[in-house]
Amino acid sequence: MPLDAANDVRRVVAGTVEEFAPGQRTIIVPFRGRAGIGVFNVNGQYYALRNLCPHKLGPLCVGRVSGRPVAAAPPSSYLGEPEIVMDGEVLRCPWHLWEFDLTTGQCLVDPQMRVKMYPVAIEDGQVVVYAERVDLPVPPPAHSRAMAENGPQTVGEDGAV
Ligand code: FES
């Protein structure tokens, strides 16, 4: 049942808090052509992003998580190591390496782009994402559900099940 029938929002349990140490992630419902949703623990806070890069639709949420190096001078004028900012908050798409702020969905390469984010809540020790139906799997057809619930049916000689 939809949690919010007007907006077709659904409650999806991504796992337990114990399964999500800082720096860990999971991708829920990558199924039947749906992009799925990446859920990340960023320094103890949880964020959920659509697993679809707004650049060319790459699988964004399987990308590397890191920080951003910031240098006071160009590399040619060596002045030591660059400073790392946003440590653990930057998600890099595996296709063309564009970077996104995990905490806001903002693209760090093109300020016009942003990846869709979803509300996350901790409920009874579970990490819960409130997702839209468009991002969730298509329910199996009715005959598949019947098979799963009742097992295969045999057809008698008269054609009756
Ligand atoms: S598809 Fe993600 S950077 Fe191009």
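Let's start in the middle: the largest nonpolar core has 24 residues, and those touching the most other members are I37, V39, L49, L60, L102 and V129. A nonpolar core here is a set of buried Ala, Val, Leu, Ile, Met, Phe, Trp, Tyr and Cys residues joined through C-beta atoms within 7 Å. A residue counts as buried if 20 or more other C-beta atoms lie within 10 Å of its own, as exposed if 12 or fewer do, and as partly exposed in between, with C-beta atoms placed from the backbone. Elements giving two or more residues to this core are β3, β4, β6 (83-92) and β10, and β3 supplies the largest share, four residues. In soluble globular proteins, nonpolar side chains tend to be buried together.

Before going on, a word about the model. It is predicted, and local features need a pLDDT of at least 70, side-chain atom pairs count only at pLDDT 80 or more, while totals for chains, interfaces and linings use all residues. Residue numbers start from 1 along each chain as its sequence is written.

Stepping back to the whole chain, you will find one helix and 10 strands; helices (H or I, at least four residues) and strands (E, at least two) are DSSP runs, numbered from the N terminus. Read from the N terminus, the order is β-β-β-β-β-β-β-β-β-β-α. Of the 161 residues in the chain, 21% are buried. Among contacts with a separation of 6 or more, 48% are between residues 24 or more positions apart; a contact means that two C-beta atoms, placed from the backbone, lie within 7 Å.

Now to the sheets, where two strands pair if DSSP finds at least two bridges between them.

Look at how β1 meets its partner: seven bridges join β1 to β10 (residues 126-132), and the two run antiparallel. Within this pairing, R11 stands opposite Y130 in β10. V9 is partly exposed, because 16 other C-beta atoms lie within 10 Å.

A second open sheet has four strands in the order β2-β3-β4-β8, again with antiparallel pairing. β2 (25-28) and β8 (117-118) each have a single partner strand, so one side of each is left without a neighbour in the sheet. Two bridges join β4 (residues 45-50) to β8, and A48 stands opposite Y118 in β8.

Leaving aside neighbours within four places in sequence, V129 contacts V12, A14, I28, I37, V39, A48, Y118 and V120.

Most residues other than glycine have a negative phi. N43 sits in the loop between β3 (37-42) and β4 and is exposed, because 11 other C-beta atoms lie within 10 Å. D124 belongs to the loop between β9 and β10 and counts as exposed, because it has 8 C-beta neighbours inside 10 Å.
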